[in-house]
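Hi everyone, thanks for making time this morning. I'd like to walk you through one model, so please have the viewer open while I talk.

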Amino acid sequence: MKTQWKAWLYLLPAVAFLGVFMVYPLVDVLVYSFEEGYNFASQSYSGVGLFNYSYVLHDPYFLQAVKNTFLIVIITVPLSTGLALLISLGLSSIRKLRDLFQTVFFLPYVTNTLAVGLVFMILFKKTAYTDGMVNLLIQFFGGTGVDFIEGPYWAKMFVMCFYTIWVVMPFKILILTSALASVNQVYYNAARIDGTPRWRMFTRITLPMISPMIFYLVITGFIGAFKAYSDEVALFGTNLNAAGMNTIVGYVYDMLYGNSGGYPSFASAAALILFAIVFTITCINLLISRNNVQY
Amino acid sequence: MKLVLDQLTKTFPNRNKKGPDVVAVNSFTFEIPDGTLVGLLGPSGCGKSTTLNLISGLERPTSGRILFGDEDVTELPPENRGVGLVFQNYALYPHLTVRQNILFPLQNLKGDARPSKEEMLRKADEAARLVQIDWLMDRKPSELSGGQQQRVAIARALVKMPRVLLLDEPLSNLDARLRLQTREEIRRIQRETGITTIFVTHDQEEAMSISDLIVVMSDGVVQQIGPPQSVYDHPDNLFVAKFLGTPPINVFTGEVKDGWLTLGEDRVLKLQGAPEGAVTVGVRPEGFRIDAEGPFRCGLKAVEVMGRDTSVVGTHPACQSETFRGIIPSEDRDGAAGDTVRFSLKPNKIHLFDPATEAVLRDWSVAP
C-alpha cells in the first residue's frame, strides 16, 4: 500500500497537468457540444440536446469540409507512403550520392509550411504577370493552362494533394530508409542462395520485415491527414469556405473564431465528430495490422 | 558431387586505403570426393567462412576456379549453383512458419523444375522428417529452441536437394549437450542423403569427431588436409600440431646431440636419421609414461584426477610454456608424488619440427 501511495505522489505533477490542460478541456468540449444556444458572452444556454450535431451535420460547409478531408486522406496517405517506399528502396540500393539525395528529400521537412506555400504559389498561382510555372510548362507542351489556386475544384484538390504528399514524404522516407537498413543482410543472402527472384525477395522478405514501420506510417499518416488545416491556409488563404477547400479542423477553427465570438457549441460538436472518425479509422487500422504485421 | 577448388584466392582491399590488400584465402587447392563430410577448421579470422562464401557464390574469388563435378561454377551467381547453405545464426525468416520456411526454396523454382503444390508439401514434409521436426511445422521460428531452429535451417537447405551442402559454424549457437547430439545428427543426415557437405568450425573436437576429411587453415593458407586421425598423428607443421588435440600438445626447445634427442640436460631418446642441431619438440599429453627410471626428469606441480585419466602438470627447463601437461592412466598415478617426477616418452607421440620453418621433420626413427 505504502509504495502505491508513493507512486501516486510521484505521478501527481503529470496527472495534475494532464487533468487541468487535457482532461478538463476535453470534458468541457463534450459538455459544450450538448449545450444548445450557448452564448459565450453571457455563459448561458437555452437547453441540452443534440441540436448542435444536427446543425453541423446539415451545414453544407461542414459537409464540404468532410468531403475535402476524406479526399485528402484517401489520396495522400497511400500515395505518399507508396512513393516514400519507392524512393527509400532507390536510396538504399545506391551508394554514390546517397547522402546528397537523402538531404534533398529531407528538405521539405525542415522548411516552414508557409515558405513551402510560397513556393507552391510560384509554381501554381496565376497572377497579372505570369500564369505560374506549371501552367507555363503545360502551355509549352501545347495544353491549356488552368487556374490551380482559384480555378476548378479538381485543380485545387490536385494542388492540395500534391502539396500534402510533398510535405509528409520526407519523414516517411527517413523512417523507411532506416527500416530497410535494419533488415539483416543475412536474410537476403539466404534468399539469394535459394535463387529467390528480386520481386519475390521484396514481397516475401523486405515488406514483411518492414511492415511494422509501414503500418506505423499509415496510422500516423491517417491521423495527420485528418487534422490537415495549416497547409490549406498556406495555399488558399484563410477564407477556406469561400475557396471551397475547407477541412474539418478548418471548420472547427472558423466556428470558434469566426463572427467575433463564434459558435463554440458547433465547433465542439464538429470536433467530436472528427474525433469519432479518427478513432474509428485508427481502430480499423490496428485491427488490420494485428492480422497482417507478423512480428 | 565432387568439388574442386583450384588455386582459389580472395583478397579484400585494406581499410586503410594505402595499405596492402588483405588476403583472406590464399591459393586454396583441394579436391573433395563425392559424398564426403569435410570439416573446415581453423582459428577465428583464418578465412574459413570466406572459403565457404566463395563456394556458395556469395563472394566472388579474386582468382582461381571452383568446379562442381566437371562444371566450372566460378562465374555462376549463387542461385544457379545449387548449393544449400546453413547460416551461423540460421537466418530463418521470422515471419514465416517452419513449413513456409522449408517451402521457400522450392517456391523459387521456375518452369519445369517447379514441382506441383502437393509435391512441394511432400518434399517439405520429407525434409522435416529427416531432421525430425515434422511435428513443429506450423510454428514460427521464434517459438523454437536453438537446436530446433538449426534443424529447420538444415531442412530448408536440404529440401531442394543441393549439389553441395555448406554449414557455417553449425553448432556454435547450441549448448554443450545439444552440440554433441546435433553433430551426430549432422553426420547421420549427411550419410542418409549422401550430399557432399562442408562445414566450418573453430572447434577442433567438433571437426575431428564427424568429418571424413578435415582441412586445417591458418591466415588464409591451408595447413594440412587429411582424415582427422592421420592429421592428428602426423601433423605437417607446428601450427597443426598445436591446433589439434585437447589438452594441446606440449612444446619444448630441444636439440639433437650425438644422435640423442636432448631436452635441457635430459637425453630422452636415441634417434636415427635426425639432423644434428636445434629442434622444436612437440609431445602429446598422452605421450608421457611415468617411469621411476625414465630419462625425462621434471618438477611436479599438480596432479589432477579426472576419473579414468589423471592429468600431471609438470615443469621442465626446456618447456616453452611455464608448465606442461601429461595425461596418464589413473592407476599409474601413485608414481606422481613429491616434488619431482620422471617420465619416459612414447616415440610415436613425439613430433620434431624445424625451429625456423616450423615444418615437421619426418626422416627419423628411434634407434634400436
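Chain B is divided into domain 1 (3–243) and domain 2 (250–366), with bounds that come from an automatic or database domain assignment. The C-alpha centres of domain 1 and domain 2 of chain B lie 39 Å apart. Six residues from domain 1 of chain B and seven residues from domain 2 of chain B make the contact, where contact means that two C-beta atoms, placed from the backbone, lie within 7 Å.

A word on what you are looking at: this is a predicted model, in which local features need pLDDT of at least 70, side-chain atom pairs count only at pLDDT 80 or more, and totals for chains, interfaces and linings use all residues. Residues are numbered from 1 along each chain as its sequence is written, while chains are lettered from A and ligands numbered from 1 in the order in which they are written.

Let me stay with chain B for its overall figures. Chain B has eight helices and 22 strands; these are DSSP runs numbered from the N terminus, with helices being H or I of at least four residues and strands being E of at least two. Its C-alpha atoms fill a box of roughly 75 × 50 × 40 Å along the principal axes. Of the 368 residues in chain B, 40% are buried. For that word, the rule is 20 or more other C-beta atoms within 10 Å of a residue's own, against 12 or fewer for exposed and anything in between for partly exposed, with C-beta atoms placed from the backbone. Among contacts in chain B with a separation of 6 or more, 66% are between residues 24 or more positions apart.

Now the strands. Which order do the seven strands of the open sheet in chain B follow? They go β21-β20-β14-β11-β12-β13-β22, and the pairing is antiparallel; two strands pair if DSSP finds at least two bridges between them. At the edges sit β21 (360–361) and β22 (365–366) of chain B, each pairing on one side only. Strand β13 (residues 266–272) of chain B is joined to β22(B) by two bridges, antiparallel, and B:Leu271 has B:Val366 in β22(B) as its bridge partner.

Elsewhere in chain B, strands β9 (residues 213–218) and β10 (residues 221–226) pair over five bridges, again in the antiparallel sense.

Next, a helix. The 18 residues of helix α5 (residues 176–193) of chain B should span 26 Å at 1.5 Å a residue, and the end C-alpha atoms are 26 Å apart, which agrees; the expected span is 1.5 Å times one less than the number of residues. Which residues of α5(B) are buried? They are B:Thr182, B:Arg183, B:Glu185, B:Ile186, B:Ile189 and B:Gln190. These cover an arc of only 160° around the axis, which puts them on the same side of α5(B); the arc is that of the directions from the helix axis to the C-beta atoms. The face turned away from that buried side carries the exposed residues B:Arg177, B:Gln181, B:Glu184, B:Arg191 and B:Glu192. The buried residues of α5(B) pack against several elements of chain B, including β3 (37–41), α3 (117–130) and β8 (196–201). After α5(B) comes B:Gly194, with a positive phi near 70°.

On to the packing. The largest nonpolar core has 147 residues, and those touching the most other members are A:Ala270, B:Leu40, B:Ile102, B:Ala155, B:Leu166 and B:Val215. Such a core is a set of buried Ala, Val, Leu, Ile, Met, Phe, Trp, Tyr and Cys residues joined through C-beta atoms within 7 Å. Helix α7 (residues 153–181) of chain A gives the largest share of this core, 10 residues. Domain 1 (3–243) and domain 2 (250–366) of chain B both give residues to this core, so it lies between them. Contacts of B:Leu40 beyond four places in sequence include B:Ile198, B:Val200, B:Val215 and B:Met217.

Last, chain A. Its secondary structure comes to 13 helices and two strands, and buried residues make up 28% of its 295 residues. A:Ala228 is in the loop between α9 (198–226) and α10 (230–236) of chain A, and is buried, with 22 other C-beta atoms within 10 Å.
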